[in-house]
Amino acid sequence: MPRITKEKKARNRQNIVEAAGRMFRAQGIDAVGIADLMKEAGLTHGGFYNHFASKDDLAAEVCNASFAASLGVLRQAVEEGDVPAGPPLRRVVEDYLSAEHRDAPDGGCPSASLVIDAGRHTEAVQRSYAAGVEGYLAGFAGEFAREAGEGEDGEVTPEEARERGVLLLSRMVGAMVLARAVRHVEPELSDEILRTCRAHALD
């Protein structure tokens, strides 16, 4: 049989990561079997171990890739600065705490969709998740510091900016987890959680 090219192998690996990202976020890491995962990726079951030593190794890479995409959205908002739709952090909050994000758990930010799974898996997965959290905190703190420096209240210390970042991320993730948990049985409550936290996340 002809040998697979490096380019094809890289594409196959990326297909696995993307399929796992959707399935892990929607169903949870433990609920996804390798056979179903590889089928979703359009590959054979046996090919999995040509790319990853274990499902936890894949989960760590999925966590890295998913956070990288989400942090890219944050960086873009910060680079765009203040626009008619609002300052960067306001736009990030509105997008994160939207019904669209809530209703698409297979494609949303891993901060909420993998929050329980991360704590149940290996240190590699937890380190990947922690790195993503730190990425958010750094981005939030930097933007809080910028906003304070340009506002009437004056500058904030790095410690104060980080505290605000921790509070904001905790509010966002907690609200999304709660809203998803009740959306099918109490949709009005789910909407209320999102609406309230959108209004007050930056208080």
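The largest nonpolar core has 53 residues, and Phe-24, Leu-37, Leu-58 and Phe-140 touch the most other members. Such a core is a set of buried Ala, Val, Leu, Ile, Met, Phe, Trp, Tyr and Cys residues joined through side-chain atoms within 4.5 Å, where buried means under 20% relative accessible area with a 1.4 Å probe and protein chains only. Among the elements that give two or more residues to this core are helix 1 (6-27), helix 3 (55-80) and helix 8 (123-150); helices here are DSSP runs (H or I) of at least four residues, numbered from the N terminus. In soluble globular proteins, nonpolar side chains tend to be buried together.

The model is predicted: local features need pLDDT of at least 70, side-chain atom pairs count only at pLDDT 80 or more, and totals for chains, interfaces and linings use all residues. Residues are numbered from 1 along each chain as its sequence is written, and side-chain values use heavy atoms, without hydrogens and water.

Leaving aside residues up to four places away in sequence, Phe-24 touches residues including Ile-29, Leu-58 and Leu-114, contact being heavy atoms within 4.5 Å.

Next comes a residue in a loop. Ser-98 lies between helix 4 (88-96) and helix 5 (99-102). Ser-98 counts as buried because its relative accessibility is 9%. Beyond four places in sequence, Ser-98 touches Met-176, Leu-194 and Arg-198. A polar atom of the Ser-98 side chain also lies 2.8 Å from the backbone oxygen of Asp-95.

Technical notes:
Buried < 20%, exposed > 50% of the residue type's maximum accessible area, 1.4 Å probe, protein only. Polar contact = N/O pair within 3.5 Å; in protein donor to acceptor, adjacent residues only side chain to side chain.
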